[in-house]
Amino acid sequence: RPLRKTVHSGRQVKYALISAQRCMICQGDIARYREQANDTTNYGKARSWYLKAQQIAPKNGRPYNQLALLAVYTKRKLDAVYYYMRSLAASNPILTAKESLMSLFEETKRKADQVERRRRQQQ
């Protein structure tokens, strides 16, 4: 009987951690929405919530995906690539991160092509 209680308790702890992580991600989302509604870009509170969520269950890709969104909003493209990759590499990946990552790469390629065309025109 004690073994069953331990297994049951382990499941309860797992579900509690998942719930806590989900709440922290929601708190981060609310902080991010607040900044967007106020037309400001101080995403420090949102970032803090997402980082806390990531620490609770690092195998979940959602916090990394949300951190990637913040990086995109603040034009930190390399950070966005890192967080999207972490999101995809997680045991529980966020599959939409692949499309977001591809968009980032396509945008970067477009900009590199424009720079190359301008360079050729100047020669």
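User: Which residues line the largest pocket?

Analyst: A pocket is an open set of points on a 1 Å grid over the protein atoms alone, where a 1.4 Å probe fits, with protein on both sides within 12 Å along at least five of seven lines; lining residues have an atom within 4 Å of a point. Here the lining is Ile 18, Gln 21, Arg 22, Ile 25, Cys 26, Asn 60, Arg 62, Asn 92 and Ile 94. This is a predicted model: local features need pLDDT of at least 70, side-chain atom pairs count only at pLDDT 80 or more, and totals for chains, interfaces and linings use all residues. Residues are numbered from 1 along each chain as its sequence is written, and side-chain values use heavy atoms, without hydrogens and water.

User: Which helix gives the largest share of that lining?

Analyst: Helices are DSSP runs (H or I, at least four residues), numbered from the N terminus. Helix H1 (residues 2-37) supplies the largest share, five residues.

User: What classes do the lining residues fall into?

Analyst: Ala, Val, Leu, Ile, Met, Phe, Trp, Tyr, Cys and Pro count as nonpolar, Asp, Glu, Lys and Arg as charged, and the others, Gly among them, as polar. The lining has four nonpolar, three polar and two charged residues.

User: How are two packed helices described?

Analyst: By the angle between their axes and the distance between the axes. Axes are lines fitted to C-alpha atoms over the stretch in contact, and angles run from 0 to 180 degrees between N-to-C directions. Take helix H3 (residues 62-73) and helix H4 (residues 77-89): the angle is about 165°, and the axes lie 8 Å apart. H3 is therefore roughly antiparallel to H4 (angles over 145 degrees).

User: Which residues of H3 and H4 make the contact?

Analyst: Contact means heavy atoms within 4.5 Å. H3 uses residues including Tyr 64, Leu 67 and Ala 68, and H4 residues including Ala 80, Tyr 83 and Tyr 84. By class, the H3 and H4 contact has nine nonpolar, two polar and two charged residues.

User: At what angle do H2 and H3 pack?

Analyst: Helix H2 (residues 44-56) packs on H3 at about 155°, with axes 9 Å apart. That makes H2 roughly antiparallel to H3. Among the contact residues are Tyr 50 and Leu 51 of H2, with Leu 67 and Leu 70 of H3. Their classes are eight nonpolar, two polar and one charged.

User: At what angle do H4 and H5 cross?

Analyst: H4 and helix H5 (residues 96-122) cross at roughly 150°, and their axes come within 9 Å. The two are therefore roughly antiparallel.

Methods. Parallel < 35°, antiparallel > 145°, perpendicular 65-115°, else oblique.
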